[in-house]
Amino acid sequence: MNKIMKKISVVVAFLLMMTPYIINAQTDSRNRVASTIIADALNMLPANDKTTEDKLMVEILETGTKGIVELAMMLKPASVGGNARIEYALDGLCDFVSDPANKKYGSIMSDGLRKAIEKTDNDEVKAYLISLFRGFGNRKDVDFLSEYVKNENLAEVAIKTIASIPGSARNIVDLAENSTPGNRKVLAYAIADNSIRKTEDILIQWLDGADVETQEAVYYALSVVGGEKSLKLLSAKAKSLKYNYDLTDATASYVRLLGKYAAKKDTAVVENGTAKMLKSKNTNINIAAMNLLVQTKGDAAVEMLLKSLKNKDKQVRMAALDLLKPYADSLVCADVVKVLNRKNTVAEAVAWLGDVKCATQMQFLEDQLVSKSYEVVAAAIVSLVNIGDKDGMMAILPLFGTEYQSVIKSALISTKNDYKEVVYAALEGTDQQKIAAMNILESRSLPPAQNMVKRLMKSENQQVKDAAYKALKGVCNVGSADYLRELLQTVAGKYVEDVQAATMKSMANATPAVKEKYVTLLKHVSPEIMPRYYKIFAYLNDSLSITKLMAGYKSATTRDEALDALLSIDNVNLADTLYNIGINDKANMERIMKRYVYLIDKSERPAMDKLNSYRLVLGLDPKADVKNQIIKYIEATQSYQGIIIASYYLDDEETAQQAANTIVNIATRHPEFNGQEITDLLLRIKDILNDGDAMYKRTQIDEHLKKIAKAPKFELSDEEKAEGFVVLFDGTNLDKWVGDKNGYIIQNGNIYVSADYGNEGNLYTAEEYSDFVYRFEFCFMRPGVNNGVGIRTPMHVDAAYYGMEIQILDHDDPIYAGLREYQVHGSVYGVIPAKRVKFPELGTWNTEEIYAKGDHIRVTVNGEVIVDGDIRKACNGRAVAPEGKKNAKSGTVDQSNHPGLFNKSGKISFCGHGEGLLIRNVRVKEL
Amino acid sequence: MKRKEFLTAMGGFALFSIVPSKVLGGQRHIAPSDQLTKGIIGVGGIGRSALHFTSDESCRLTAICDVDSKHLEAAKQQAKEKLGVNVNTYHNYRDLICDPNVDIVHIATPPHWHGIMAVEAANAGKDVMCEKPMTRTIGEGRRVMEAVKQNGRIFRLNTWFRFQDTFYGLGTTVEPLKKLVDSGLLGWPLKVTISGHTGFNWKFFWVGKENLEPQIVPSNLDYDSWLGPAPYKPYNEHRTHQTFRGYWDYDGGGLADMGQHYIDPVQYILGKDNTSPVLVEVDAPQQHPDAVGTWRSIKYTYDDGCQIILEGEDNGDPKAPYIEGPKGKLYKGFECTIPNVMQRLLDFPDPEPQRTDFLECVRTRQKFALNEENGFRSATIVNMGVCALRLGRNLKFDPVRMKFIGDDAANQLIDQPMRTPWKI
């Protein structure tokens, strides 16, 4: 136990000082006793929001000191554990009372904790409770805690806690004066953390015979609170260590203490202290010394830094150069050059001059351009460009097109300085310089060079000519459109791409009028040449251009080129056009459809429309990469139907990983998809996943399954069980149903009827029923919901006529103003009108029972019978119009034929007519 | 800590003759004597991954350290069999830092150790490669930055999306994004949304468990040293190794783990490498004091109105762009509402080149592209979010003083108490 206790330290707490005030309360307004209030609060923590959390804190605090003690006494020793909720509450209470606004509760907390510490006999619990005083305790608490310093197990936590309470410096000094060797390490850190003065002498005494950890702590404390004595002591110690890093960390403490003097600008102390450091063999100590001197002396340290540049260690030189940057006036620059202008160090000076943008060493830098060292020349180029002096830039001209071309290019395309002149000069220079300059224009435009480049396009030197065409895009602007249009028609084949690129660049900001003009003025172009313009049309992406491309596609000679262009257009409105041509173009179908789904994904269409498009293309059985792409797009629909479609692709090895990822990425974001089907899928996917993130995804699946496992499952009441009801839907699966399982999906234990999607929109029982009692609950999620319960119906027909349909309808929605009485909710559709139900507000659950025995139909909604009639009597036995008679009508109230009205038995169904209905707790009893 | 044993083992001879590496002459050819060397602290997960557990002619692996003897043994074998090197093995990280055969210390421990180890390595004259998040608190980050500067060290924070690779689901590298933002075509201020919808995954399954039962510490693990500066809590295996990210004492869940990957490039893109947001707003359930939970959104605002929005789980707007400005929006895959954006960008300068070869930086003593300064800034954004989450409230921040404004409790989280005898 002792060993564990020594390690007990302090949980991070973040508390403030506050003043005590006492309140007494035995029961609250709800007449709960303290223990109940605490138990309730523990159950609700952590709260979902700050307001609730604060309310719970007040409730606990109002139980008074007694309540706090009761709460604290629930703690078990840390080595036993299981304290999380109690610790959470106690931490939260301390945080709460530390807020000045809640000052009045402070003393309850403080008194309660003190009593609890006295009451418990377990040191681990005591340690935790002591730690809670961090920062919010007061002087009274400090006196109380001081007693626990004597306890070997609690000394560390008590000292640290005391030290964290403002105004406790005196107590720490008292404890230090009466310390035992075992306490000193902690006390030394407490002294350091709180910068407690007048402790230097005590600390120094402790060093005698101290273990290494205590020495480290003492040196550290001395570096924070020490003065001259510490300086002497640490200086000697660091020197004896040769300024090496060791377990006492004394060198670092010495440097830290010198840093204090540096901050005070105490030149004498710092100069004295750093003199030996500068001579140390340890580079980092040399550098630390330079830092301290610069901090102390500012520009007076420049001489020292210049001297350090002579150091043969590059680390020291580079650190000195860095420290010199703020002082880089012309004199310093000259000195830097003077010192470093030697074979091995000149590159350092060159780079540094560029960093500080020194404009007074131009000749030196220019001279370096002819150095034999690649490194020096490269550094000089970069520095000259960085400095941006006109003549300096011009000096790099001779190096255009040499082995330094990549350095020049990188510097010029990223500089913010004016670089034009040297490029112009190069364009007028040797062929090699011309080519190099145009190579730069390819990456950064310079329109004023247009005429020069146009001239070079006529060069007899083939390389110059090629480079000029490539540079064309860098010099053309919107005014070049006419020129480029004509050029594209006449230019040699090898330059077509260059002219196309230039045209696109010139049209990047073009107005619709300019674009239209470009296309309209295009005349007398032969079919062989026309495809050159397709890329431009695609780029212009206006209706005129697209019309031209469609025309090109229709002609066999230009089809391929036109199609390439069409498929490169970034225009979601083109999607359906592409589908229509793709479905009839066997040879190109795959790539057209690939583009089609790409545009569908980018479009703003509703998720269900997108899914329909994806299904259409998947139905064409494209190659695996297209399938995978589509399955990836499906993720963005974030829909249940998306999961189902993706699940069809889990069996194929080529698509399994993508399908698995899509399903995980939808399912885990929708805890409301909590049916058995989803659980089964996710479990299956755990075995399938094998990509890089699979391990994480499996964890994610497990966490998610835990979350959705809590979904409610419907069970029959004892009464219904006894009567012989059978559950058709318990919230987890649709096993007892057939039909449109894409349109009827499970969410949060309910069947959710989604949009008219795929299939036919009806869900049928697997079994058939003739006489029965059918019970379920339903809920309208949006206005105007329309559905219905089909009974005694075959599949795939309209139940209202080929069976019966008991209407489900939010008939109060204004869109149903013209509704007939036999169409309102509960009606045997077209046959027996129902009493009009007044529905509660949207989102409320309603109960319904349908009783069907022979011709007797009874419908009860929310306990009220709204239909109770005989179907045969309702139509006078005439479900269909007699044959042979003109204008004959059936006997039903809607006068339509109901050939299935007298069916003996059939399926029970839900007849889908769009989104927005929830159904739950479906059960049936056969009569 | 078995520091006493350590001291005894090292005996009385000149402990740490830290010889300046001979390689710092700036030569491009690597002679055997010019080879750099590295030691890895923490060879459990990332430290032993193929990405980092390497040894080649430019940088040889010479030492490894772990407080789990199983990890250490496995790594030693791996070094021998796969890399063909015999490495020194250490239990105490200070031994590795003192090893004169180590030029670069690679810190691959859980984050609660990063600050202490980086500072000590810098004080011992070593260069440092540190895994993300840089540090667990803002205060520790500042100390690392100071120690690196004071000792003239080269520091690399190990995430790389500001200069390499397409990052996560974004489908583009950062360079064109930076160029687009710098061009001003999107306007200003900008809003960056980091969510599942823009291609990022916060790995919310890295949450902690409440009510952990104490367990027996396995004999191969020195749990006390594993905890180090973190508060003592009874051992449960879920606290350590692969799952430690779920506990505030060591890390901060998916936010802390992925945050610097995602946010660091944004700091670069927005040109905010030398500043920080002035406000962090959180929308999250109150967090448990020990176990990290999930959150809905975290929003950062800079003084010029630029914003970074982190959307948790599926809370964000599925149509949200990655970057949105008053004049245009940019989606993943560099899809932009500005027509013909690639052609238009030809009129603008490229971003300045970055120094992306760490070993070259070590040799030439120049700052690496992602270093102690900008790394500290992006780690600070992560840690601002962590503070606001843990406190359950919005916080104002002073990016110069690097303190929260008017919230003492938040400022207490900037420097958190360490267990004796740990300090930074």
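Chain B is divided into domain 1 (3-158) and domain 2 (168-206 + 250-412), with bounds that come from an automatic or database domain assignment. The structure is a predicted model, in which local features need pLDDT of at least 70, side-chain atom pairs count only at pLDDT 80 or more, and totals for chains, interfaces and linings use all residues. Residues are numbered from 1 along each chain as its sequence is written, and chains are lettered from A and ligands numbered from 1 in the order in which they are written.

The centres of domain 1 of chain B and domain 2 of chain B, taken over C-alpha atoms, are separated by 29 Å. Across the boundary, 28 residues of domain 1 of chain B are in contact with 25 residues of domain 2 of chain B, two residues being in contact if their C-beta atoms, placed from the backbone, lie within 7 Å. On the side of domain 1 of chain B that touches domain 2 of chain B, two or more residues come from each of β5 (127-131), α5 (138-150) and β6 (155-158) of chain B. Helices (H or I, at least four residues) and strands (E, at least two) are DSSP runs, numbered from the N terminus. The most is given by α5(B), with six residues. By class, this side of domain 1 of chain B has 17 nonpolar, six polar and five charged residues; here Ala, Val, Leu, Ile, Met, Phe, Trp, Tyr, Cys and Pro count as nonpolar, Asp, Glu, Lys and Arg as charged, and the others, Gly among them, as polar.

Chain B as a whole comprises 12 helices and 15 strands. Its radius of gyration is 22 Å, in agreement with the value near 22 Å that a compact globule of 424 residues would have; the radius is taken over C-alpha atoms, and the globule rule is 2.2 Å times the number of residues to the power 0.38. The C-alpha trace of chain B spans about 70 × 55 × 40 Å along its principal axes. Of the 424 residues in chain B, 55% are buried. A residue is buried if 20 or more other C-beta atoms lie within 10 Å of its own, exposed if 12 or fewer, and partly exposed in between, with C-beta atoms placed from the backbone. Helix α11 (residues 372-391) of chain B is mostly covered, 19 of its 20 residues being buried. This helix reaches 27 Å from its first C-alpha to its last, close to the 28 Å expected at 1.5 Å a residue; the expected span is 1.5 Å times one less than the number of residues. Just after α11(B), B:Gly392 takes a positive phi of about 70°.

Chain A comprises 46 helices and 13 strands. The radius of gyration of chain A is 43 Å, well over the 30 Å that the globule rule gives for 927 residues, so chain A is more spread out than a compact globule. Its C-alpha trace spans about 125 × 100 × 45 Å along the principal axes, and 48% of the 927 residues of chain A count as buried.

Within chain A, 10 of the 13 residues of α11(A) are buried, so this helix is largely enclosed by the rest of the structure. Its buried residues, including A:Leu187, A:Tyr189 and A:Ile191, pack against α9 (155-164), α10 (169-177), α12 (200-206) and α13 (212-225) of chain A. Just after α11(A), A:Ser195 takes a positive phi of about 45°.

The largest nonpolar core contains 188 residues, of which A:Ala221 and A:Ile381 touch the most other members. A nonpolar core is a set of buried Ala, Val, Leu, Ile, Met, Phe, Trp, Tyr and Cys residues joined through C-beta atoms within 7 Å. Helix α23 (residues 374-387) of chain A gives the most to this core, with 10 residues. Among the residues that A:Ile381 touches, not counting those up to four places away in sequence, are A:Ile396, A:Leu399 and A:Tyr404. A second, separate core of 102 residues includes B:Val144, B:Ala147, B:Ile194 and B:Trp295.

The contact between the chains takes 60 residues from chain B and 68 residues from chain A. The side of chain B that touches chain A divides into 24 nonpolar, 16 polar and 20 charged residues.
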